[in-house]
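Have the coordinates open as you read.

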Amino acid sequence: MPDINLGAMLPEILITILGLVVLLKSASENEERGTRLMAMSIAGVVVAAAITLNAGDGTAFGGSFINDLFSRSMKLLMYVATGLVLFMSSGYMRQNRFDGGEYQVLTLMALLGGMFMASAGDFIMLYLGLELMSLSIYVLAAWKRDDIRSNEAGLKYFVLGSMASGFLLYGITLIYGTTGTTLFTGIGQAMAHGHIATATIMGVILVLAGMSFKIAAAPFHMWAPDVYEGAPTSVTAFMAVLPKIAAFAGIFRVLLSAFPALQSHWNPLLQLLALLSLAVGAIAAIGQTNIKRMLAYSSIGHVGFILIGMTTHSGLGYQSVIAYLAIYIFTSVGAFAVVLLLNREGIGDETSDYKGLAHRRPMLALLMSLFMFSMAGIPPLAGFMGKLYVFMAAVQSGMILLAVAGVLFSAIGAFYYLRIVKFMYFDQPAEGAFTISLNFQELAILTVTGVIMLFWGLFPGGLLTWSGTTVKMFL
């Protein structure tokens, strides 16, 4: 009999109960229900984070669910991402009249799916978490039922996501057929002591293709620009961060727990994905006039940098991956918070909407500049430190050409970030633009994300120590 051990799953149980309670509460007719449900959801995420911080190691369901330092650290990143997005989106939700509670429920279910992916000890748990997260975000992307672009975003994400799930399932089938197990530890033992079949290698390739879709790595990125543009801005911010954290947690589990013996087969594929992602992210974004599409291509480029860290097969490389993900959360959420603020004025989606922002709202322009500079990798901001450690890991592992390509594409990508800064500071604002005031949530989010960008850029030691401890089990 497999061990059940529900104690190892307390955070997941809490988020499940919280989602059900919020769903039932959303049936209330009280006009203030949206605010209370949002507060309840954020409080629940904070409690789950506290439980996770104080949890010990353990397994459940015969090793299918793993509660270790790596899973707890990745869940903490997910809590931060979810909490920030929920906190900053309450005003946006009220303005657009979809604060009835369903938004919070779907966000919590997506978080729950990501948590299962971080703790997955076998392919079944990984797939269940992936689908729970994906299905929730499909619905969130199409949340604006009267907006044809939102409907298109949800449908396109669903259709292409279903295809990616098919790749993943077929790969799992091939792996199970050749190894006789879906447990990562069992597969790793079979790979270390047995003959490696061609079908197993094909299965790994298909699994990697399915996971690459979730992180929007080129050439599996085709959904990202349209979905980012069409989805509500708060949903775009959420899908920019949570699925990437969850998917990279899954990639760590699959490649380093189940298939370390096949590194010579999957590492060249990661290098190719990294190079293609860097190229697409840097070049395709140059011609974009919609800032959400620009940030979509930007996220593809950031995935390329993270994948460089994965290919190094070194402690510094894996450490840089976790640190980069943490930095990316705050940079991305901060940038989308500015977009969200301007959306309340009916502008903000087009890059030209930012013309003259510094003349009317200098502090807002300064914060947006910080986020753009950080994404471009300009010191002394956190984004620079993230890229620096990725390149250091690549050089130490002998991947000089990949590091050089990263530097070159980073320089190319800086153009479209600096273009936003140029619009804000050197162009004149439209008549009557930028009159809206910040609410408490927006001010708090912008302040916190901006300060963290500066702090981690100047004092990265704590972040690097934490990320190094997180990945120690894979070394």
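Helix H15 (residues 362–376) packs against helix H17 (residues 400–426) at an angle of about 175°, and their axes lie 9 Å apart. That makes H15 roughly antiparallel to H17, a term for angles over 145 degrees. On the H15 side, the contact (heavy atoms within 4.5 Å) includes Pro362, Leu366, Met372 and Phe373, while H17 brings residues including Ala414, Tyr417, Ile420 and Met424. By class, this contact has 15 nonpolar, 2 polar and no charged residues.

This is a predicted model: local features need pLDDT of at least 70, side-chain atom pairs count only at pLDDT 80 or more, and totals for chains, interfaces and linings use all residues. Residues are numbered from 1 along each chain as its sequence is written, and side-chain values use heavy atoms, with hydrogens and water left out.

Now to the cavities (sets of points on a 1 Å grid over the protein atoms alone where a 1.4 Å probe fits but cannot get out; lining residues have an atom within 4 Å of a point). The count comes to 5 cavities of 30 Å³ or more.

| Cavity | Volume | Lining by class |
|---|---|---|
| Largest | about 100 Å³ | 9 nonpolar, 6 polar, 1 charged |

Of the 16 residues lining the largest cavity, Gly301, Phe305, Phe409, Gly413 and Tyr416 lie nearest its centre. H17 gives the largest share of that lining, 6 residues.

Around the second largest cavity, the lining includes His302, Tyr324, Ser374 and Gly386. Here H13 gives the most, with 4 residues.

Terms used. Axes are lines fitted to C-alpha atoms, for helices over the stretch in contact, and angles run from 0 to 180 degrees between N-to-C directions. Helices (H or I, at least four residues) and strands (E, at least two) are DSSP runs, numbered from the N terminus. Angles under 35 degrees count as roughly parallel, over 145 as roughly antiparallel, 65 to 115 as roughly perpendicular and the rest as oblique. Ala, Val, Leu, Ile, Met, Phe, Trp, Tyr, Cys and Pro count as nonpolar, Asp, Glu, Lys and Arg as charged, and the others, Gly among them, as polar. On a 1 Å grid over the protein atoms alone, a cavity is a set of points where a 1.4 Å probe fits but cannot get out, and a pocket is an open set with protein on both sides within 12 Å along at least five of seven lines; lining residues have an atom within 4 Å of a point. Grid points are joined across faces, edges and corners, and a volume is the space filled by probe spheres set on the points.
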